[in-house]
Structure formats: structure tokens, C-alpha cells
Amino acid sequence: MTAIQINGVVKIYRGNVHALQGVSLEVMDGEIFGLLGPNGAGKSTLVKILMTVIHATKVSGAMLGKPIGDRLTLQDVGYLPEHHLFPYYLTGKQVLHHYGALAKVTRNDRKTRASKLLHRLGLSGWENKKVGTYSKGMLQRLGIAQSLMNDPKLLILDEPTDGVDPVGRREIRDLLAELREEGRAIFLNSHLLSELEMVCDRVAIMVKGLVRMQGTIDSLTKDSKRYEITISGAIPDWATACCDEIQNNTMIIRGDDPLVIQPMLDRLRVDNTTIISVKPVRENLEDLFMRAVDNKDTPGAAQ
Ligand SMILES: Nc1ncnc2c1ncn2[C@@H]1O[C@H](COP(=O)(O)OP(=O)(O)OP(=O)(O)O)[C@@H](O)[C@H]1O
Ligand SMILES: [Mg+2]
């Protein structure tokens with residue numbers, strides 16, 4: 001079963017704002033899926049549609065095997081909204097109980113889950129302090145704890161590491177991996193590309209309400225694999241003919257087969273050329289992101 005599968009989702013806000021222009025994507029069971037895109041791409045709009053916070057202009061697809069919009073399904077979904085606000089006068093523990101009750105979690109389960117989650121999110125010792133005294137990162141941790149109160153099969157997190165320091169971000173990353181091990185699917189939005197790269201099984205890049213790329217980072221960056229050989233001095237004429245591109249003292253050979261570059265290295269050594277470095281290189285998520293944002297020719301690009 002797929003955790004989320006949507007086809008051609010459209011959202012036009014009042015004022016003729018075309019926030020989503022036909023978004024299709026698939027989140028598999030038990031995977032961490034990252035949705036990235038620049039500000040205003042439509043990421044939160046999509047999440048809000050999945051959570052029935054707003055209505056889509058057009059939507060078809062399913063979440064946990066039920067049509068999008070099915071309210072009962074939401075009992076199995078954990079949600080961390082962007083810019084969430086908790087009543088400042090409640091304690092961390094009270095917040096979890098409150099949201100657990102809203103999700104119809106029994107009193108006993110609320111009690112055990114709240115103390116476990118506060119501990120798991122590094123908030124031990126703060127459970128009885130008012131959230132008005134929490135730092136931004138602590139509020140975010142509490143938000144993640146809140147999203148887990150109903151023991152969800154699917155977690156939808158809008159910018160989960162917003163405002164969290166590097167140590168906290170790492171802890172959240174580790175937590176997400178643990179939650180995946182427990183068999184939960186995780187759908188998250190983030191701008192933090194290197195972070196997504198570390199934790200996501202698959203990603204989609206959304207620009208102006210359209211998904212420009214979708215897949216594993218490995219498959220999306222496969223075509224960019226290359227070797228870069230840097231030598232001291234000018235590139236000899238024979239080498240110019242053997243490589244795909246030259247940048248100053250660096251020869252670029254596309255592909256990922258190390259056998260292809262061996263004869264070049266042999267000949268460079270015979271020529272007594274000093275080889276400074278031989279590097280296998282591939283695009284990272286940031287390169288992909290930049291390409292998706294810049295590339296107006298990508299099929300399905302926004303008009
Ligand atoms: N309630 C609304 N009414 C009108 N337009 C809206 C509304 N909410 C969002 N938009 C517009 O829809 C587009 C998508 O916004 P959305 O918040 O989904 O983007 P996002 O990808 O989550 O951005 P960010 O990375 O900044 O959180 C933007 O152009 C935004 O201005
Ligand atoms: Mg957003």
C-alpha cells in the first residue's frame with residue numbers, strides 16, 4: 001500500500017492565486033519522503049489539503065488507502081503544522097494531553113505516551129513548565145511530540161527542524177529514522193537541503209505549484225556522475241580529445257565507470273604530469289534544487 005498517492009491536485013486561492021497547478025506524487029509505506037521547494041512553491045498548501053485544513057480546487061488520490069479528505073483516516077496521521085502556536089499558559093505535558101484528547105487518545109495512553117515522548121524529544125525536566133517559557137527549538141520539539149501522540153502510521157511534518165539548533169536537528173533526524181524503523185511513513189517539508197539529503201529515501205522538488213523532479217536522490221543525480229582529474233600545468237592536446245569538458249587544469253569525464261579513466265591516468269603518468277587529484281563527483285540535493293528552480297524547460301514547468 002502507498003501511504004499517500006495524489007494525482008493532479010489543484011489549488012486556486014481567492015484572488016486567482018494558482019498555488020498548486022496539478023501536483024502528483026506518491027509516498028510509499030515506511031519511507032521518509034521529502035518535499036522541497038522555494039518559498040511560496042505550495043508545500044504547505046499541499047499539506048493543508050491532505051490534512052483537510054483547506055479545500056482543494058481539485059483533488060484525487062488516497063491517503064492510507066482512503067480518499068483524500070476522509071476525516072477518520074486522520075486519526076492515523078500525525079501532523080506538525082508550520083508556525084504552530086500552543087497556548088502559552090499550558091505546560092508541555094498539558095499540551096500533549098490536550099492534543100491527545102483532541103485525537104481521541106484514551107487517558108491512559110495519553111499519560112504513558114506524553115511522558116515517553118517528552119523524554120524522547122529531549123524535554124525531560126520541562127514537562128511541568130509553561131510553554132510560554134520554551135525556546136523556539138523546544139516548541140518545535142514539543143510540536144513533534146504532539147504529532148506522535150496518536151501513534152500515527154503516517155507523519156506529516158511541515159518544516160520540523162525550523163528554529164532547532166544543529167544538535168537538535170541531528171536528534172530529530174535520528175528520531176525520524178527510528179520512526180521509519182517502526183514502520184511509519186513520513187512526509188516532510190523542508191528548506192534544509194543537506195538535512196533532507198541525509199534522511200530522505202525519496203524527494204520531490206516543487207516549484208511554482210508543480211513537481212519538477214521526483215525520485216531517490218541517487219536516481220535523480222545519476223546522470224550528473226563524473227570524474228574530475230586535476231593536474232598541474234596545462235591540459236595536453238591528446239587529453240582534450242578524451243574528456244567531455246575542461247575547466248582550467250581540470251579534465252571532466254562523465255559517467256561513473258572507473259575503468260574509463262585508467263588509460264588517461266596511465267598516459268598522464270608516462271608524460272610525467274603531476275596529478276593533483278582524481279575525484280568522483282556527483283550533484284548533491286542543492287545542485288538538483290538549483291537546477292529544478294532555474295530550469296524553465298523541465299517538462300511540466302510552470303508557465
Ligand atoms: N490563504 C491564502 N490566500 C491566498 N494565497 C495564499 C494563501 N496561502 C498561501 N497562499 C499563496 O500560495 C502560494 C503557496 O504558498 P505556501 O504557503 O503553500 O508555500 P510554501 O511552499 O509552503 O512556502 P514556504 O516555504 O515559504 O513555507 C504562495 O504564493 C502564497 O502566497
Ligand atoms: Mg510552508
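Residues are numbered from 1 along each chain as its sequence is written, while chains are lettered from A and ligands numbered from 1 in the order in which they are written. Because the model is predicted, local features need pLDDT of at least 70 and side-chain atom pairs count only at pLDDT 80 or more, whereas totals for chains, interfaces and linings use all residues.

Helices (H or I, at least four residues) and strands (E, at least two) are DSSP runs, numbered from the N terminus. In helix 5, I172, L176 and L179 are buried, that is, 20 or more other C-beta atoms lie within 10 Å of their own, with C-beta atoms placed from the backbone, while 12 or fewer count as exposed and values in between as partly exposed. Seen down the helix axis, these buried residues fall within an arc of 65° (taken from the directions from the axis to the C-beta atoms), so they line one face of helix 5. On the other side, P166, V167, D174, E178 and E181 are exposed. Just after helix 5, G183 takes a positive phi of about 95°.

Strand 14 has 7 residues, of which 0 are buried, so it lies largely in the open. It pairs with strand 11 in the antiparallel sense over 6 bridges, where pairing requires at least two DSSP bridges, and I229 stands opposite V278 in strand 14.

The elements discussed here cover these residues:

| Element | Residues |
|---|---|
| Helix 5 | residues 166-181 |
| Strand 11 | residues 226-231 |
| Strand 14 | residues 275-281 |

Around ligand 1, helix 1 supplies the largest share of the shell, 3 residues.

Conventions. Expected span 1.5 Å × (residues − 1).
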